[in-house]
Amino acid sequence: MSSQTSEFVIVGGGIYGSSLAYQLAKAGKSVLLLEGGEIASGASGGPGERGVRANRRDTRELPVAAVALALWQKYQQEFEHGVGYRRIGGLQVFDVPYGYREHEVRGQMEAMALTQTRLGAPSELLNLEQTLAREPELTRSLIGAIYCPNDGVCDHTYATQQFAAEAIKAGAVIRTGAKVTEILAEGGRATGVKLASGETIAVGSQLILTANAGTQTLLNPYLHAHEKAPLWHLMPQMIYVTNPLNKKINHLLSHAHRKLAVKQIVDGTLMLSGGASVSYTAEGLWKGSLSSTANNLSDAIAAFPFIDHSSFVKADASRVETVCVDGIPVVDKPQALENTLYGYGWSGHGFAISLGITKFMSDWLIQGERPAALAPFTSARFTQPLTFVNEALEGL
């Protein structure tokens, strides 16, 4: 076991691990972060920008998203050279798909805008004219949009690296090329971790796992069957195309009835994503797939007809993501390891809420009590309702 012991040992150098290391170090804690590759070499890295949005988010995540969006703005202003965040506002556009009724779609829009506003994400209903005033290049087949002024975009690789750099300034130690392969435990506590090199690292107070796709593998020897989250892996695909007509997309844009997100990154290139993915393999299919590309391009052109004049630049699907069955993450402590906290299952949209989640994880680690904001993300949500079912059935 290593002679030097850190109070908090974090496994995983993505946005969750690096921002948590920063928050703990700023609170005066002794922090060691272990990353198997380089900082932002996993799902938090890659080309382009990520959406930082509350619009169209699961209602259970909205309060955390409200905190996260405020923190993105705060750190963009406070860190030297910022975190690569741009608050450009978000538009979720609506049309009336085949088989739907317009009054149903409008009712959905009103309900979503009201709920988002109530849960901390100010949202404004726009009619078609107001929508086109904000995005003149959109198709005229829409009926309107929900506008979230606090939404934006962020250079995810740069942000992750910035938080790691600021964590080091605050006193954290970060080791890259330090792949954790095993948790060492005794008496119901994590006492250390073992690296692929054979080195063992002691855990002083708390072990935190933020290694995304690798987290459950590390936890498996200690999780009871009912604690294992129902999740799977996927590789989201991003497409990059030229903008030969020099059109401007002003907002982070999503479509209510298409798997589509559109961003115009700083150099003018158009980035298309929103749900297309490729086959998951251990090696990674970074070149993407033709079917995913075709679907994504068709949806993008339907929303922004000028994109039909664009040329293909590249597709990227090199980053592995974990997806939870109900579409929100798991943040919890395993019953067998009382001093271990973990978070994973970000489901393809965890970057935006990362700063909110790690703020509350930091509070939990320092104060010793689960914050109410993290209650929806417990692993017990997949089994606890069965207690009520069994009690009801016994009374029949």
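Student: How many salt bridges does the structure hold?

Tutor: A salt bridge is a side-chain nitrogen of Lys or Arg within 4 Å of a carboxyl oxygen of Asp or Glu. The structure holds 14 of them. This is a predicted model, in which local features need pLDDT of at least 70, side-chain atom pairs count only at pLDDT 80 or more, and totals for chains, interfaces and linings use all residues. Side-chain values use heavy atoms, with hydrogens and water left out, and residues are numbered from 1 along each chain as its sequence is written.

Student: Is Glu166, which forms a salt bridge with Lys169, buried or exposed?

Tutor: Buried means under 20% relative accessible area, exposed over 50%, and partly exposed in between (1.4 Å probe, protein chains only). Glu166 is buried, at 13%, whereas Lys169 is exposed, at 56%. Their closest N and O atoms are 3.2 Å apart.

Student: Where do Glu166 and Lys169 lie?

Tutor: Helices (H or I, at least four residues) and strands (E, at least two) are DSSP runs, numbered from the N terminus. Both residues lie in helix α5 (residues 156-169), 3 residues apart, about one turn of the helix.

Student: Which parts does the salt bridge between Arg258 and Asp299 tie together?

Tutor: The closest N and O atoms of Arg258 and Asp299 are 3.0 Å apart. Arg258 lies in the loop between β15 (252-255) and β16 (261-264) and Asp299 in helix α7 (residues 290-303), so the pair ties together parts 41 residues apart in sequence. Arg258 is partly exposed, at 28%, and Asp299 is buried, at 15%.
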